Amino acid sequence: MNDPVEEHIQAYNERDLDRFVACFSPDCVMEDARGLVLARGHADLRTHFGRVFDENPELHCEIVHRARVGEYVVDEEHITGRNGGEQHGVVVSHVSGGVIDHQRVIR
């Protein structure tokens, strides 16, 4: 996997849970804007995103803007087809060892 951030977006759009989870380290942490842990590790990712993918067949994420700063990737996202609506937000991913080990989701 060359770019785990781009790969996880493609897997998200295809609702490919195995490919999505493989983009993250086994001990990854995903947090909201305030630092509340949304998911920790592969099992949490599978549970959370398995449900999201199953419940949202029209799910799609468009990257509006991407900035790379060292080991960090900052994506401005526009998501459609989730819970019948649209979401706009920013996701900050830290990449280490070729996988995402930390992600902060700001919505």
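Predicted model: local features only at pLDDT ≥ 70, side-chain atom pairs only at ≥ 80, totals over all residues.

Student: In which strand does R66 lie, and is R66 buried or exposed, or partly exposed?

Tutor: R66 belongs to strand β3. Its relative accessibility is 23%. Buried means under 20% and exposed means over 50%, so R66 counts as partly exposed.

Student: How far apart in space are R66 and V90, C-alpha to C-alpha?

Tutor: In sequence, R66 and V90 are separated by 24 residues. In space, the C-alpha to C-alpha distance between R66 and V90 is 9.6 Å.

Student: What relative accessible area does I63 have, and which residues does I63 contact beyond four places in sequence?

Tutor: I63 is also placed in strand β3. I63 is partly exposed because its relative accessible area is 24%. Leaving aside neighbours within four places, the contacts of I63 are I9, D75, E76 and E77.

Student: Which residue of β4 stands opposite I63, and how far is I63 from H78 in space?

Tutor: β3, residues 60-69, pairs with β4 in the antiparallel sense over 9 bridges. Within β4, the residue opposite I63 is E77. I63 and H78 are 15 residues apart in sequence, and their C-alpha to C-alpha distance is 6.5 Å.

Student: Which residue in the turn between β3 and β4 has a positive phi?

Tutor: β3 and β4 form a hairpin, with 2 residues between the strands. A positive phi of about 60 degrees occurs in this turn, at G70.

Student: How many bridges pair β4 with β5, and which residue is the bridge partner of H78?

Tutor: β4 and β5 run antiparallel and pair over 10 bridges. They form a hairpin with 2 residues between them, where N83 in the turn has a positive phi of about 55 degrees. The bridge partner of H78 in β5 is H88.

Student: Which strands pair with β1, and in the parallel or antiparallel sense?

Tutor: β1, residues 24-32, pairs with β6 over 5 bridges in the parallel sense. β1 is also joined to β2, residues 37-40, by 3 bridges, and these two strands run antiparallel.

Student: Which residues stand opposite M30 in β6 and in β2?

Tutor: In β6, the residue opposite M30 is Q103. In β2, the residue opposite M30 is A39.

Student: Which residue takes a positive phi in the hairpin of β1 and β2?

Tutor: The hairpin of β1 and β2 has 4 residues between its strands. A positive phi near 95 degrees is found there, at G35.

Student: Is H8 buried or exposed, and which residues does H8 touch?

Tutor: H8 lies in helix α1. With 5% relative accessibility, H8 counts as buried. Not counting residues up to four places away in sequence, H8 touches F20, C23, F24, I100 and Q103.

Student: How much space lies in the largest pocket, and which residues are closest to its centre?

Tutor: The largest pocket holds about 250 Å³ of space. Its lining has 17 residues, of which the closest to the pocket centre are M30, F49, R82, V105 and R107.

Student: Which elements each supply at least two lining residues of the largest pocket, and how many of the lining residues are nonpolar?

Tutor: At least two lining residues each come from α1 (4-14), α3 (41-55), β4 (72-82), β5 (85-96) and β6 (99-106). By class, the lining of the largest pocket has 3 charged, 4 polar and 10 nonpolar residues.

Student: In what order do the elements run from the N terminus?

Tutor: The protein has 3 helices and 6 strands. From the N terminus on, the order is α-α-β-β-α-β-β-β-β.

Student: What radius of gyration does the protein have, and why does it agree with a compact globule?

Tutor: The C-alpha trace spans about 35 × 30 × 30 Å along its principal axes. A compact globule of 107 residues would have a radius of gyration near 13 Å, so the protein agrees with its 13 Å.

Student: What share of the residues is buried, and what share of the contacts with a separation of 6 or more comes from residues 24 or more positions apart?

Tutor: Of the 107 residues, 37% are buried. Among contacts with a separation of 6 or more, the share from residues 24 or more positions apart is 41%.

Key: Residues numbered from 1 in each chain as written. Heavy atoms only, no water. 1 Å grid on protein atoms, 1.4 Å probe; cavity = no way out; pocket = protein on both sides within 12 Å on 5 of 7 lines; lining within 4 Å. Points joined across faces, edges and corners; volume = space filled by probe spheres on them. Nonpolar A, V, L, I, M, F, W, Y, C, P; charged D, E, K, R; others polar. Pairing = 2+ DSSP bridges. Rg over C-alpha atoms; globule rule 2.2 N^0.38 Å. Buried < 20%, exposed > 50% of the residue type's maximum accessible area, 1.4 Å probe, protein only. Contact = heavy atoms within 4.5 Å.
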